[in-house]
Amino acid sequence: MSDIKNIVINHSNQQVPVGFWYHFSAASGVDLDAFKDPEIIDRTVSGTQKLVDSLAPDFVKLMSDGLFNYQFNYQKNSEHRTIYDALAPITDDHPWLKQTATLIAKQRAVIGKRKCFYNIFSPTTLLKWALVKQENGQHDKANADKTLATEILKNPDAIKQALQVMTQDVIKQVQTAIRAGADGIYYSTQVIQDQRLDQDDFEKFVADTDHQVLQAANKLSDVNILHICGNGGARNNVHWFQTYEAAIINWATDIESVSLREGKRIFPNKTVLGGFGNTKYDLLYQGTKADIQQYVHTLIQETGRDHLIIGANCTVPRDIDLNRLRWVSEAAQQKKVKA
């Protein structure tokens, strides 16, 4: 098992680590609610244990299924016309934070001494999901970015104010996660997917709060992962994230046409993570063992062993044959691979 922290901090390149993860519930993660269905926590823990027992991974991403969604809190005696009006920070003993600590402690107990990173979503992502939550608890994710962009254009100051409050609470979640046993965070963010907004809007309504969260995370851990989420084909100008401070950077290499090798130039002195597409149409899911392992060899040769972790754009399909993930690890460990 590779020591991820040693690889990142001390630039060790003896073995290229590998990491893949997937959701343990059939439903979309954003539609799950562990407060209404506490068994989600147990399924996530048992799924984590199965993954570790089956793959013996170099490190583990701790999934937060059932706890994706932000718990809004409002100022006393206030009236709010929208979900984001008159927000007040949650308390340090809020159930969302307590459940986070409980989940991580249980996950930590089944993964052994492996390094682990807890899944944290950006304040902007949490807000856009909340804007499209329906009465039945499901989320109209297809319209989430459009809805948020419209609100930004109509009420920019109110959105900024709401995001600042939410940022305080996401920082509390980060602190809770690391104190509960996570070695760092896996921070998921992305560009708002709406052409009405530009890079300046990205800086104001995404990057500003992202920097605050990562700064807080970096005070507690020197190894945190930035996940520039391209799931579902979302587009992100990778260069917009150059100023983000995280030890490890993960993005959708195929969607953005930015290779891991190019990523090392964009993010100097950072470790790059990824290389594989994560859908049922991609090599990892459909390819032969020979093709997958040759691709691993090519990734290592082109990118170089140092500051490299092989993984996917995002979560891989729930029903993927775990042997496929083993093939990647086997290929990464083969001594004949030179870089």
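Modeller: Helices and strands are here DSSP runs, helices (H or I) of at least four residues and strands (E) of at least two, and they are numbered from the N terminus. The model is a predicted one. By that definition, the protein has 12 helices and seven strands. Its radius of gyration is 19 Å, close to the 20 Å that the globule rule gives for 339 residues, so the protein is as compact as a globular protein of that length. The C-alpha trace spans about 65 × 40 × 35 Å along the principal axes. Of the 339 residues, 57% are buried. Among contacts between residues at least 6 apart in sequence, 76% join residues at least 24 apart.

I turn now to the empty space. Rolling a probe the size of a water molecule over the atoms shows where empty space is left. The largest pocket has a volume of about 800 Å³. Its lining consists of 36 residues, and those that lie nearest the centre of the pocket are Lys141, Cys229, Asn231, Gly232 and Cys314. Two or more lining residues are given by each of β2 (115-121), α4, α5 (144-154), β3 (184-189) and α8 (253-256). The largest share, three residues, comes from α4. By kind, the lining of this pocket holds 12 nonpolar, 17 polar and seven charged residues.

The structure also holds one cavity of 30 Å³ or more. The space in the largest cavity is about 30 Å³. Among the residues that line this cavity are Ser122, Thr124, Thr125, Lys128 and Asp145. The lining also includes Thr189, Gln190, Val191 and Ile192. Helix α4 (residues 123-131) gives the largest share of the cavity lining, namely three residues. In this lining, two residues are nonpolar, five are polar and two are charged.

Serine 221 lies in the loop between α7 (199-220) and β4 (225-228). Since the cut-off for a buried residue is under 20% relative accessible area, serine 221, at 7%, is buried. Beyond residues up to four places away in sequence, serine 221 touches Ile178, Asp183 and Gly184. Histidine 307 belongs to the loop between α11 (289-303) and β7 (308-312). This histidine 307 is also buried, with a relative accessible area of 9%, and its phi is near 55°, a positive value in a residue other than glycine.

A positive phi, of about 45°, is found in alanine 56 as well, although alanine 56 is not a glycine. Alanine 56 is in the loop between α2 and β1 (59-62) and counts as partly exposed at 46% relative accessibility. Leucine 51, in helix α2 (residues 39-55), counts as buried at 4% relative accessibility. Leaving aside neighbours within four places in sequence, the contacts of leucine 51 are Phe20, Trp21, Tyr22, Phe24, Ala56 and Pro57. The C-alpha atoms of leucine 51 and tyrosine 22 are separated by 9.2 Å, with the two residues 29 residues apart along the chain.

Terms used: Residues are numbered from 1 along each chain as its sequence is written. This is a predicted model: local features need pLDDT of at least 70, side-chain atom pairs count only at pLDDT 80 or more; totals for chains, interfaces and linings use all residues. Side-chain values use heavy atoms; hydrogens and water are left out. On a 1 Å grid over the protein atoms alone, a cavity is a set of points where a 1.4 Å probe fits but cannot get out, and a pocket is an open set with protein on both sides within 12 Å along at least five of seven lines; lining residues have an atom within 4 Å of a point. Grid points are joined across faces, edges and corners, and a volume is the space filled by probe spheres set on the points. Ala, Val, Leu, Ile, Met, Phe, Trp, Tyr, Cys and Pro count as nonpolar, Asp, Glu, Lys and Arg as charged, and the others, Gly among them, as polar. Buried means under 20% relative accessible area, exposed over 50%, partly exposed in between (1.4 Å probe, protein chains only). Contact means heavy atoms within 4.5 Å. The radius of gyration is taken over C-alpha atoms; the globule rule is 2.2 Å times the number of residues to the power 0.38.
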